Amino acid sequence: DDLPIGPGIEWSITTDPVPADCTITASVLQCTEADLPAGGSFTVTVQSPTVGADGGVLDNTAVVMADNHPEREGPASVEVLVPVLEVVKTADPTSVPPGGEVTYTYAVTNTGGAPATNVTVEDSPVCAPIELVAGDDNGNGALDPGETWTFTCTQVITETIADVVFVTGEAGGRTFEDVDDAAVQVVAPEPPEPQPPAPTPEPPE
């Protein structure tokens, strides 16, 4: 059996006791059972840790061979789940006078199948402090699958900008990220309309 390979994958035989005729060499499982009687069976179990870089589907096909029987194959697949981060950034209001105040809201959702830890939110140009105002209801410090964390930040702006937010999170030694932006327009106040000149008083008769 040519076992799947990848970063952090290290296969071991977990059948207890380990069959004496089964070995794993260079991610290849080989068992040399001498005879298998009619109606008999043979089982060996292997396992491996995974890391974030292994995200996706790992396919595997075992092959059984015998001197007096055609070759048989048995396929199996396993999906390594990873987090998928999505951030949506909004600005309120979207237009202000020079020196006006705007509040950004960042909604960070994990649409993947595994929790993300060490979630960070950074804005460019810099907006600080960025504060968590909702989410992590179970208090485990991880952005769980299907969970949304909401952050906010308020700043004064003097010119039209398109702020970009960068979100990162970690799982299994791998960093996952997403970006979004929101534009705010600085609108100068309109000058007052000119007033018509005051009428000239007529001289007395």
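Predicted model: local features only at pLDDT ≥ 70, side-chain atom pairs only at ≥ 80, totals over all residues.
Residues are numbered from 1 along each chain as its sequence is written, and side-chain values use heavy atoms, without hydrogens and water.

**Exercise 1. Classify the ring pair of tyrosine 104 and tyrosine 106, and that of tryptophan 149 and phenylalanine 151.**

Step 1. Apply the rule: rings of Phe, Tyr and Trp (its six-membered ring) pair if their centres lie within 6.5 Å; planes under 30 degrees apart are stacked, over 60 edge-to-face, the rest tilted. The count is two aromatic pairs.

Step 2. Tyrosine 104 and tyrosine 106 have ring centres 6.5 Å apart and planes at 35 degrees, so this pair is tilted.

Step 3. For tryptophan 149 and phenylalanine 151, the centres are 6.5 Å apart and the planes at 55 degrees, so this pair is tilted.

Step 4. Check burial (buried is under 20% relative accessible area, exposed over 50%, partly exposed in between; 1.4 Å probe, protein chains only). Tyrosine 104 is buried at 0%. Tyrosine 106 is buried at 0%. Tryptophan 149 is buried at 6%, and phenylalanine 151 at 8%.

**Exercise 2. Describe the surroundings of asparagine 60.**

Step 1. Locate the residue. Asparagine 60 is in strand E5 (residues 56–66); strands are DSSP runs of E, at least two residues, numbered from the N terminus.

Step 2. Asparagine 60 has a relative accessible area of 17%, so it is buried.

Step 3. List contacts (heavy atoms within 4.5 Å). Beyond neighbours within four places in sequence, asparagine 60 touches Asp1, Asp2, Leu3, Pro4, Gly74, Pro75 and Ala76.

Key. Helix = DSSP H or I, 4+ residues; strand = E, 2+ residues; numbered from the N terminus.
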